[in-house]
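Please look through the structure below before you read on. My points follow in order, starting with the ligand.

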Amino acid sequence: MASTPGLLHISPSFLLFVFFSSPFSFVATNDLPLHYLQQEAEKLIRDLNLSPKRYKYSLPHDSLSVPAGKIVEKKFRFPYLDDAAGPSVQDFGHHAGYYGLPHSHGERMFYLFFESRGNKKDPVVIWLTGGPGCGSELALFYENGPFHITQDMSLVWNDYGWDKVSNILYIDQPIGTGFSHASKESDIPHDEEGVSNDMFDFLQAFFKEHSQFVENDFYITGESYAGHYIPAIASRIHQANKANEGIHINLKGFAIGNGDTDPYIQYAAYTDFALENGLINSDDYNRINKGVTPCLQLILDCGNNKGGNACEAAFNYCEKNVFEKILAVAGNINYYDIRKKCDKGPGCYDFSSMEAFLNKKEVREALGVGDLEYVSCSEEVYAAMKNDWMKNQEVAIPALLEDGIRMLVYAGEKDFICNWLGNERWVEAMEWSGQDAFLASPNMSFLVDGQEAGRFLSHEPLTLLKMHEAGHLVPMDQPNAALEMLTRWIQGKLAIKETGATNA
Ligand SMILES: *[C@@H]1O[C@H](CO)[C@@H](O)[C@H](O)[C@H]1NC(C)=O
């Protein structure tokens, strides 16, 4: 389960290729031979028709000065936007900004903030793409952003942008991702503590800058490897609120889409999902399951072991002996969407327009990113998180639910890498005071325009939703249903039909 495009979408599958016995060595210069992991990572980035680049660590030497602990932001308008067809962008607040990380050496976190096309009192929502290490612009342009990018690199308004019902931020994180800048390898977070501290610091500065939004409801959303980030960030914010640390952030809930959250349960689900969906037969199933037992033991060792390379070892073993073995049988399937193959055209997906667009001079000027290079998916961030992958992030969630913070776990049913079955199992296995009532709640139809778009279980504060005919990138595959899901979930009315009647 890894991330996605959009997740990147680069997913954990990168991992697949790590040699079990060779410690990853970080190579920061371009002259040395590429490490095997990076070669494979590059191959996978190419599967998204993106171009891998080695990160050049340096102090930013552009004219833009971003003081530590401060935000430098500008209103912007994207070039190449066909807004004859839509409302003038001047009517909305669209902002691009950098946050200078405290105690840093020129590290900056980049974000885009789109005020709601509806009401400024709509919730503030942050979106996080996975990877780890993929820029959130992938989601912006191909999933739920205000604009979609066309093959000829113009932008068109997205009728199903999540900015219709929220004031939404797309954040490039961890540092080293997208337009966010790391000056040296050690700036890149290696675990969820680092990720959640950076995000907390950023949000404090953001709400100071945009104090008119601080009373709004606040939600965290994201996909894929963000199933790791989100519980950690929600927990960091909630703890700070309880301790009166900094500006109070009005955290109401968080939503995880096709996430990678509880590796023990999710790795155990791979062979079952593959068998149920005809990716493997029962002989393959029995054979590959022999690798599942040691994989699960290694994941437990990772959880019990605070140091060393137990977590990396678990990742390497499980990817090679479970995930990769299933793919070897399943052939050239798109592991983000089992309805598809990766063999035609550019690979599994073609996200190349975004990269070309973001590297255009006019676009870079509009965004105020100086001379910093855009890194769609960072191999370095991917590698930096190698001991984070196998850690269980479910553990932070029950305490949030007990305090009434709401969680939505949704999954496109055609995704393999962070599949529905693994997500259903960890959510149902989670122990909290509402577990029995949740498990006894009726299995409901999620109706959109009179059609069943998915099914869900819900006992507030917890909702689990399976989205039909969607892969890893739910807002890309089912844009209308995904926007309805967000809209109704925020209102606490997932089951309400357009007519206002409850469906069952
Ligand atoms: C609800 O029931 C359907 C079968 O009718 C099942 O496929 C699904 O997994 C159940 N749960 C959810 C949350 O959809």
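1. Start with the shell around the ligand. Strand 14 (451–459) and strand 15 (462–467) each give at least two residues to this shell. The largest share, 3 residues, comes from strand 14.

2. Now put names to the shell. Asn443, Arg455, Phe456, Leu457, Leu464 and Lys466 are the residues around the ligand. Sorted by class, the shell has 3 nonpolar, 1 polar and 2 charged residues.

3. Keep in mind that this is a predicted model. The chain has a mean pLDDT of 87. A pLDDT of 70 or more is reached by 85% of its residues. Residues 1–34 have a pLDDT below 50, yet this stretch has 134 contacts in the model beyond near neighbours in sequence. Residues 498–504 also have a pLDDT under 50. For residues 498–504, the model has 9 contacts beyond four places in sequence.

4. Next, find alanine 182. Alanine 182 sits in the loop between strand 7 (167–172) and helix 3 (192–209). Is alanine 182 buried or exposed? Alanine 182 is buried, because 27 other C-beta atoms lie within 10 Å, and the cut-off for a buried residue is 20 or more.

5. Which residues does alanine 182 contact, leaving aside its neighbours within four places in sequence? They are Tyr57, Glu107, Ile175, Gly176, Asp187 and Ile188. Take glutamate 107 from that list. Alanine 182 and glutamate 107 are 75 residues apart in sequence. In space they are 4.9 Å apart, C-alpha to C-alpha.

Technical notes
Residues numbered from 1 in each chain as written. Predicted model: local features only at pLDDT ≥ 70, side-chain atom pairs only at ≥ 80, totals over all residues. Near = placed C-beta within 6 Å. Helix = DSSP H or I, 4+ residues; strand = E, 2+ residues; numbered from the N terminus. Nonpolar A, V, L, I, M, F, W, Y, C, P; charged D, E, K, R; others polar. pLDDT = per-residue confidence, 0-100. Contact = placed C-beta atoms within 7 Å. Buried ≥ 20, exposed ≤ 12 C-beta atoms within 10 Å, placed from the backbone.
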